[in-house]
Amino acid sequence: MSKLVPKVPGGSLRASYSASTKRALVDVAEKLFAEKGYAATSLDAIVAGARVTKGALYHHFAGKQALFEAVFERVEQESSKRIQKALRSERDPWEKALKGLRSFLEVVQENRYRRIVIQDGPAVLGYERYREQEERSTFANIVEIVRGTLEAGDWELDEDMLQTFARIFFGAMSSAGESVATADDPEAAARRVEGAIGFLLAGVQSLVSQGLDLSDALMTVRVTGADNDGGGGGGGARGRRGRRGADAPGPPHRGRGAGGRPPRRLFTLESRAPHARLTRASTLLTCRR
């Protein structure tokens, strides 16, 4: 009989029971934290919902904050995987960026994410720990978006510069997510964020389509910034105004370029409620020459 029925080691049974207990605690805690918030959720309510003792809870977690951190990590990881799935459904870097953006904006509108990650996360974990957890789960997605869009051009960027772009974009997305999650009308706020970030992505797409060298463009920005600080040679804004002369005409009328020419089309953006696309124009974004 012993040859037909395999023995199940006692250690395996204990490990399985321990894992199921821990999972039950996290499941119940997530539900209560999302519904009531961290402050209004008691450990008594959590252990009652999980049908375990407080001793079992303290066997797995140091306390309420440690349990919250486990819930926070799971919500962030699940949300990150959802965004990754959206990113990997597209090959085109611009469509991939928009798919990732839309998935992120959907996530931040969900009640559990808003309550656990956006509202309670920073206060419960502390800013440094909160940022560390956020970067661990979502920063890789941002790097993938930034790498894809920047490498769409024939540009040679070193890893440090790519990481710099990613850090800036990550900060912008974090702030945008918070603004959507805490807005009175999250859907309207999400549309505004998508429009604004779509505008910026369209600008990068324009640089790619024009075949501009990003290294030269970045150097030009730095040189122009230095010139605008003032200094000799009339290189700054003051110097340019001086060259125009006191009697020179003012800026051309809006809608007309220098010499009466129509404004140059810088790039195009198609509006399609509630989303915006980057190509095939219907709304023209223009600038004067």
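## The big picture

First things first: what you're looking at is a predicted model. The protein chain is built from eleven helices and three strands. Of its 289 residues, 36% count as buried. If you take contacts between residues at least 6 apart in sequence, 65% of them join residues at least 24 apart.

## How confident is the prediction?

The average pLDDT of the protein chain is 76, and 69% of the residues score at least 70. Which elements have the lowest and the highest mean pLDDT? Strand β3 (residues 283–287) has the lowest, at 34, while helix α2 has the highest, at 96.

| Helix pair | Angle between axes | Distance between axes |
|---|---|---|
| α4 (residues 64–87) and α7 (residues 127–150) | roughly 5° | within 10 Å |
| α5 (residues 93–109) and α7 | about 155° | 9 Å |
| α8 (residues 159–181) and α9 (residues 186–210) | roughly 160° | within 9 Å |

Let's start with α4 and α7. Their axes cross at roughly 5°, so α4 is roughly parallel to α7. On the α4 side, the contact includes Glu69, Phe72, Glu73 and Glu76. On the α7 side, Arg129, Tyr130, Gln133 and Glu134 are among the residues taking part. Sorted by type, the residues of this contact come out as five nonpolar, six polar and seven charged.

Helix α7 also packs against α5, at an angle of about 155°. An angle over 145° counts as roughly antiparallel, so that is the word for α5 and α7. Their crossing is left-handed. In this contact, Pro93, Trp94, Lys96 and Ala97 of α5 meet Glu144, Ile145, Gly148 and Thr149 of α7. That set divides into four nonpolar, two polar and two charged residues.

The last pair is α8 and α9, with axes that cross at roughly 160°. This makes α8 roughly antiparallel to α9, and the crossing is right-handed. Phe169, Met173, Ala176, Ser179 and Val180 from α8 meet Pro186, Ala189, Ala190, Val193 and Ile197 from α9. What kinds of residue make up the contact of α8 with α9? Nine are nonpolar, one is polar and none is charged.

## Zooming in on single residues

Thr149 has already turned up in the contact between α5 and α7. Is Thr149 buried or exposed? Its relative accessible area is 5%, and buried means under 20%, so Thr149 is buried. Leaving out neighbours within four places in sequence, Thr149 is in contact with Pro93, Trp94, Ala97, Leu201 and Val208.

Thr41 sits in the loop between α1 (10–36) and α2. Thr41 has a relative accessibility of 3%, so it counts as buried too. Not counting residues up to four places away in sequence, Thr41 touches Leu32, Phe33, Lys36, Ile46 and Lys64.

Now for a contrast. Arg51 lies in the loop between α2 (43–50) and α3 (54–60). With a relative accessible area of 80%, Arg51 is exposed. Its backbone is worth a look as well. Most residues other than glycine have a negative phi. Arg51, though, has a phi near 60°, a positive value in a residue other than glycine.

Finally, Ser89 is found in the loop between α4 and α5. Ser89 is partly exposed, with a relative accessible area of 46%. How far apart in space are Ser89 and Gly100? They are eleven residues apart in sequence, and their C-alpha atoms are 9.6 Å apart.

Definitions and conventions
Residues are numbered from 1 along each chain as its sequence is written. This is a predicted model: local features need pLDDT of at least 70, side-chain atom pairs count only at pLDDT 80 or more; totals for chains, interfaces and linings use all residues. Side-chain values use heavy atoms; hydrogens and water are left out. Helices (H or I, at least four residues) and strands (E, at least two) are DSSP runs, numbered from the N terminus. Buried means under 20% relative accessible area, exposed over 50%, partly exposed in between (1.4 Å probe, protein chains only). Contact means heavy atoms within 4.5 Å. Axes are lines fitted to C-alpha atoms, for helices over the stretch in contact, and angles run from 0 to 180 degrees between N-to-C directions. Angles under 35 degrees count as roughly parallel, over 145 as roughly antiparallel, 65 to 115 as roughly perpendicular and the rest as oblique. Ala, Val, Leu, Ile, Met, Phe, Trp, Tyr, Cys and Pro count as nonpolar, Asp, Glu, Lys and Arg as charged, and the others, Gly among them, as polar. A crossing is left-handed if the near helix is turned anticlockwise from the far one by less than a right angle, and right-handed if clockwise. pLDDT is the predictor's confidence in each residue, from 0 to 100.
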